[in-house]
Amino acid sequence: MRRFFLATALLCATLSGLTGCKGACRELSEKLCDCAINSVEKELCIQRAAREENNVEPTPEDEAVCEAKLDGCDCRKIETAEGKRECGISR
């Protein structure tokens with residue numbers, strides 16, 4: 001299993017310039033950025049997400065949780081308790 005993650009990480013690193021290989025947590029962060037009020041806030045949010053990803057690398061367990069949240073996260077419900085829970089921004 002560890003080899004699989006290593007191979008995946010290596011493949012992502014190799015292809016990142018070509019395909020934009022992003023993890024599920026980065027995709028979830030960017031999906032949350034889509035909920036921003038305007039394009040300036042959205043761009044700042046995406047930049048913060050990129051910086052955070054460089055500072056804190058998600059574990060495989062984190063990636064699995066983020067993957068599970070991707071489909072359910074919806075900007076139209078983000079202000080509700082259910083929407084926050086579905087996007088992983090509440091406890």
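These are my notebook entries on a predicted model of one protein chain.

**Entry 1: ground rules**

I number residues from 1 along each chain as its sequence is written.

**Entry 2: confidence**

I looked up pLDDT, the predictor's confidence in each residue, from 0 to 100. The protein chain averages 81. A score of at least 70 is reached by 78% of the residues. Residues 1-19 stay under 50. For that stretch the model has four contacts beyond four places in sequence; contact means heavy atoms within 4.5 Å. Where pLDDT is low, predicted coordinates should not be read in detail.

**Entry 3: fold outline**

I listed the secondary structure next. Helices (H or I, at least four residues) and strands (E, at least two) are DSSP runs, numbered from the N terminus. The protein chain has five helices and zero strands. The pattern along the sequence reads α-α-α-α-α. I then checked contacts between residues at least 6 apart in sequence: 52% of them join residues at least 24 apart.

**Entry 4: burial and helix α2**

I took buried as under 20% relative accessible area, exposed as over 50%, and partly exposed as in between, with a 1.4 Å probe and protein chains only. Of the 91 residues in the protein chain, 15% are buried. In α2, the buried residues are A24, C25, R26, L28, E30 and C33. What do the buried residues of α2 pack against? They pack against α3, α4 and α5 (81-87).

**Entry 5: the nonpolar core**

A nonpolar core is a set of buried Ala, Val, Leu, Ile, Met, Phe, Trp, Tyr and Cys residues joined through side-chain atoms within 4.5 Å. The largest one here has eight residues: A24, C25, L28, C66, L70, C73, I78 and C87. α2 and α4 each supply at least two residues of this core. α2 gives the most, with three residues. In soluble globular proteins, nonpolar side chains tend to be buried together.

A24 touches E63, C66, E67 and L70, not counting residues up to four places away in sequence. L70 lies in helix α4. Is L70 buried or exposed? L70 counts as buried because its relative accessibility is 12%. Leaving aside neighbours within four places, L70 is in contact with A24, E27, L28 and K31. L70 and C87 are 17 residues apart along the chain, and their C-alpha atoms are separated by 7.2 Å.

**Entry 6: the second largest pocket**

I used a 1 Å grid over the protein atoms alone: a pocket is an open set of points where a 1.4 Å probe fits, with protein on both sides within 12 Å along at least five of seven lines, and lining residues have an atom within 4 Å of a point. Grid points are joined across faces, edges and corners, and a volume is the space filled by probe spheres set on the points. The second largest pocket comes to about 270 Å³. Its lining has 16 residues, of which C25, R26, L28, S29 and C66 lie nearest the centre.

Which helices each supply at least two residues of this lining? They are α2 (24-33), α3 (39-55) and α4 (60-70). The largest share, five residues, comes from α2. I sorted the lining by class, with Ala, Val, Leu, Ile, Met, Phe, Trp, Tyr, Cys and Pro as nonpolar, Asp, Glu, Lys and Arg as charged, and the others, Gly among them, as polar. The lining has ten nonpolar, two polar and four charged residues.

S29 sits in helix α2. S29 counts as partly exposed because its relative accessibility is 29%. S29 and C87 are 58 residues apart in sequence and 9.2 Å apart in space, C-alpha to C-alpha.

E52 lies in helix α3. With a relative accessible area of 48%, E52 is partly exposed. E52 and S29 are 23 residues apart in sequence, with 9.9 Å between their C-alpha atoms.

P58 is in the loop between α3 and α4. At 23% relative accessibility, P58 counts as partly exposed. Leaving aside neighbours within four places in sequence, P58 is in contact with C25 and E63. The C-alpha atoms of P58 and A24 are separated by 9.4 Å, across 34 residues along the chain.

Definitions and conventions. Predicted model: local features only at pLDDT ≥ 70, side-chain atom pairs only at ≥ 80, totals over all residues. Heavy atoms only, no water.
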